[in-house]
Protein chains: 2
Amino acid sequence: MVPPRAARTQRRTRIQEQKEERILEAALEVFSLHGYRGATVDQIAEVAGMSKPNLLYYFRTKEAMHRALITRVLDTWLDPLREFDAEGNPVAEFRSYIRRKLEMARDFPRESRLFANEVLRGAPNIEDELKGPLKALVDEKAAVIRAWAKAGKIVACDPYHLIFSIWSTTQHYADFDVQVRAVLGEEKADESRFDDAARFLEQLFIGGLQIRDQGS
Amino acid sequence: MVPPRAARTQRRTRIQEQKEERILEAALEVFSLHGYRGATVDQIAEVAGMSKPNLLYYFRTKEAMHRALITRVLDTWLDPLREFDAEGNPVAEFRSYIRRKLEMARDFPRESRLFANEVLRGAPNIEDELKGPLKALVDEKAAVIRAWAKAGKIVACDPYHLIFSIWSTTQHYADFDVQVRAVLGEEKADESRFDDAARFLEQLFIGGLQIRDQGS
DNA sequence: TGTAGTGTTTACCAACCGGTCAAATTATCG
DNA sequence: CGATAATTTGACCGGTTGGTAAACACTACA
């Protein structure tokens, strides 16, 4: 009788976990494609293969569904940056960070688009998380980058805008996928697209970051 | 009696032009903020300062309004790339192209977000224009860039992904404005944000493109 | 001033949407 | 098996949405 959300103090059953997983998977599919407002509960229910009231038994509102989804995505989305290691070799760290971000754009485009959709709308539901955990993490990594520059390990540059540019260039291949396809032509296979992108971005960032001839 | 759209064979009156302009301005405001589905005709009518039926007298459907808006935006959006001059100095051309794109992100963020919203949704209404005029223009400029590289004027790199990276990094400051603000902190004034971004992007792209010491 | 066309508004509608409810079905466990 | 709780469903509801009908107002011009 009592909806599972209220009974969460107890352990969740396996069936609840599975259903919630199926729902969030379907919600990701629909939200990422149509945005929050554009998605309908009926649509999500259909993709999840269950009736609307049944879906609403697990997530009482559309908003609850979206919130659960976006906080989860935001968390995994920051993993690559968390791995960014102050102790490692600077150039190697950037190289693997860029590669990880590009792989996420390739393998999890729906998550990227969900996030993009949310930020585009002004991030009404995640503003606090952006100003809190996200900002804190970026501040931390920016300090690392600045220290590297001061130590002469990489060229000096604004660490925040450097991170922004890595975010934007990599996520572009998920969020603007249709445009990229249209310009490159459909014949260009996915593999090739991402390989070319990886090669270019490495050239752009690593080439630009490495200390070489400082003249002119 | 007859709606103006059908009477378009005749010249449009001044009042029609003005009203349509007011409507498209309001539509841009609302669509860019809430996306196609999230925007309501009532909302647009209110922003435009007229009643809904009155608005629908000038644009018979919500979709017609959106289509008129997006084709116009797409057109002006490509202007900076059109100005990209094959005869000019390569480095100077890139520098001014980046600056123009960044200025557009600063001065016309709504247009950028409208476009981003559309592409995110799979560009259902502009797919043809992406594969047609857009692709043609990019192909043309890509050839120019390749020729510059072959002539040794800039370093060799994939011209398509270079253009993508300029698009994504500059538009990021319009589309992900909320995130940028959250990370940099609200105290950072707009002017400073864009100045810093301009300085960084110049360093990234121009520094990376210029021919200097080629040794590892 | 009459009238035809242009522009505007009030009232309205059918479809859709998020969400509820009560009843039915199924799983759990003594 | 019996009983209790968990899950699922069809029917439904109030509010919103895109769009329409028709009357009304304004303007230009003979």
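Let's start with the DNA-binding region, a feature that UniProt, in an unreviewed entry, places at residues 40–59 of chain A. UniProt positions are given here in the numbering used for this model, feature names are shortened, and annotations may be inferred rather than shown by experiment. That span is 75% helix and 0% strand, and its end C-alpha atoms lie 14 Å apart. Helices here are DSSP runs of H or I with at least four residues, strands are runs of E with at least two, and both are numbered from the N terminus.

A word on the model: it is predicted, so to speak of a local feature we need pLDDT of at least 70, side-chain atom pairs count only at pLDDT 80 or more, and totals for chains, interfaces and linings use all residues. Residues are numbered from 1 along each chain as its sequence is written, chains are lettered from A and ligands numbered from 1 in the order written, and side-chain values use heavy atoms, without hydrogens and water.

Chain A as a whole has 10 helices and zero strands, and its C-alpha trace spans about 75 × 45 × 30 Å along its principal axes.

Now, how do helix α1 (residues 14–38) and helix α4 (residues 62–83) of chain A pack? Their angle is about 95 degrees, and their axes are 10 Å apart. The axes are lines fitted to C-alpha atoms over the stretch in contact, and angles run from 0 to 180 degrees between N-to-C directions. α1(A) and α4(A) are therefore roughly perpendicular, a label for angles of 65 to 115 degrees. Among the contact residues are A:Leu24, A:Phe31 and A:Arg37 of α1(A), and A:Met65, A:His66 and A:Arg72 of α4(A), where contact means heavy atoms within 4.5 Å.

On to the two chains. A rotation of 180 degrees with 0.0 Å of shift along its axis superposes chain B on chain A, at an RMSD of 0.1 Å. In chain B, the C-alpha of B:Gly208 is nearest the axis, 2.4 Å from it.

Finally, the interface: 54 residues of chain B meet 53 of chain A. The buried area is about 5,000 Å², with 67% from carbon and sulfur atoms; this is the accessible area (1.4 Å probe) lost on putting the two together, summed over both.

Terms used. Angles under 35 degrees count as roughly parallel, over 145 as roughly antiparallel, 65 to 115 as roughly perpendicular and the rest as oblique. Copies are superposed by least squares on the C-alpha atoms of residues with pLDDT of at least 70 in both.
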